[in-house]
Amino acid sequence: MTRSGCCFGDINTSDFIFKMMEGTKESVAFKSVAERLTLGITRILENMPGVVDVRLAEKEPAEKRSLLSWEQKNNCILPEDLRDFYLTTDGFTLTWNVKLDNECVPLGLMTIHSVGKLRPLVQPTSLFSLPNAPSLADLDWDDSCSEYVLGKGPPPPHFDSRSCIFELDSCGGNGKVCLVYKNSSPGVVAQHSEIWFLDRSLCWHFLTATFSSYYRLMITHLGLPEWQYSFTPYGPSPHAKWASLYQPLTFRNDLSLSDSVGDSHLNKLDPIKAFKAKAKVPTPKKKPSAPCSLVSNAKSQGSGGKPSVAKR
């Protein structure tokens with residue numbers, strides 16, 4: 001064993017230590033990037049009672065050529081904030097569980113598809129499909145479920161060639177969050193995009209105008225089940241409302257649309273009225289009872305029809 005390099009078999013100790021230091025630097029660098037990418041939500045989740053196993057999937061940045069290839073293939077320009085996001089990480093997946101009865105139950109899920117999975121929602125018609133087969137474009141005639149009809153939102157997207165729609169998140173089968181280019185035309189590059197939510201009844205609901213706003217919205221709602229339904233008239237399903245034990249990190253004082261419409265059939269409990277001390281009701285005083293002689297006289301008058309005369 002020499003001083004210049006301690007060897008254990010064929011592995012040089014100095015090279016091993018250098019590689020370990022490189023791995024440590026990469027781990028620290030990823031943690032710093034993850035901290036900025038998640039806006040510190042991982043530390044907040046880890047400090048919540050009952051929350052366990054907070055995991056952020058490590059992903060490499062997307063290459064610029066893959067972004068250019070996507071734009072050329074789909075004839076759409078990625079918004080600048082989404083492009084910067086993909087150049088930082090090619091997709092996003094954060095999960096966390098809760099401990100119930102000594103069992104870990106999956107609860108939170110935040111997902112942004114990678115560039116390779118940013119596919120059109122409406123796939124082109126296959127050559128082997130029937131000529132009169134139904135498609136999503138057949139639903140464009142019915143806008144009754146849209147808030148735009150009620151004057152409460154922007155016009156919804158279309159399933160036909162008037163809109164280019166790409167899926168950002170499948171929402172665990174409870175809907176789809178989509179990157180939407182409206183008013184698109186064949187041969188013209190689409191540039192302006194919005195973020196919309198397509199629920200399971202195939203109705204559109206506007207979420208945000210930019211990807212950055214949607215990303216902050218996803219982080220502040222902690223990836224709770226069906227959190228996107230908070231922006232619909234009917235709100236989350238009763239099955240998902242048990243997750244409201246973990247409140248989103250939102251600071252909205254006004255009631256949401258789901259609170260005013262979707263929960264109108266529920267009984268509202270006012271704690272002040274429910275647990276307010278009740279005032280004692282004064283007990284009515286009993287009327288003094290008549291003497292027995294008067295009662296017997298009244299009964300005899302009612303039975304004989306004439307007043308009875310007491311014998312001397």
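Colleague: Where does lysine 117 lie?
Modeller: Lysine 117 sits in the loop between strand 5 (103-112) and strand 6 (163-169). Strands (E, at least two residues) and helices (H or I, at least four) are DSSP runs, numbered from the N terminus. This is a predicted model, where local features need pLDDT of at least 70, side-chain atom pairs count only at pLDDT 80 or more, and totals for chains, interfaces and linings use all residues. Residues are numbered from 1 along each chain as its sequence is written, and side-chain values use heavy atoms, with hydrogens and water left out.

Colleague: Is lysine 117 buried, partly exposed or exposed?
Modeller: Lysine 117 is partly exposed, at 48% relative accessibility. Buried means under 20% relative accessible area, exposed means over 50%, and partly exposed is in between (1.4 Å probe, protein chains only).

Colleague: Switching to salt bridges. How many are there in the whole structure?
Modeller: The search finds six. The criterion is a side-chain nitrogen of Lys or Arg within 4 Å of a carboxyl oxygen of Asp or Glu.

Colleague: Which residue does glutamate 71 pair with?
Modeller: Arginine 83, with 2.3 Å from N to O.

Colleague: What about glutamate 167, which lysine does it meet?
Modeller: Lysine 176, in a salt bridge of 3.2 Å, N to O. Glutamate 167 is buried, with a relative accessible area of 15%. Lysine 176 is partly exposed, with 28%.

Colleague: Which partner does glutamate 194 have?
Modeller: Lysine 182, and their closest N and O atoms are 3.4 Å apart. Glutamate 194 belongs to strand 8 (residues 194-198) and lysine 182 to strand 7 (residues 176-182), so this pair ties together parts twelve residues apart in sequence. Glutamate 194 is buried, at 13% relative accessible area.

Colleague: Zooming out. How many helices and strands does the protein chain have?
Modeller: Eight helices and nine strands. Of the 312 residues in the protein chain, 31% are buried.

Colleague: What share of the contacts join residues at least 24 apart?
Modeller: 58%, among contacts in the protein chain between residues at least 6 apart in sequence. Contact means heavy atoms within 4.5 Å.
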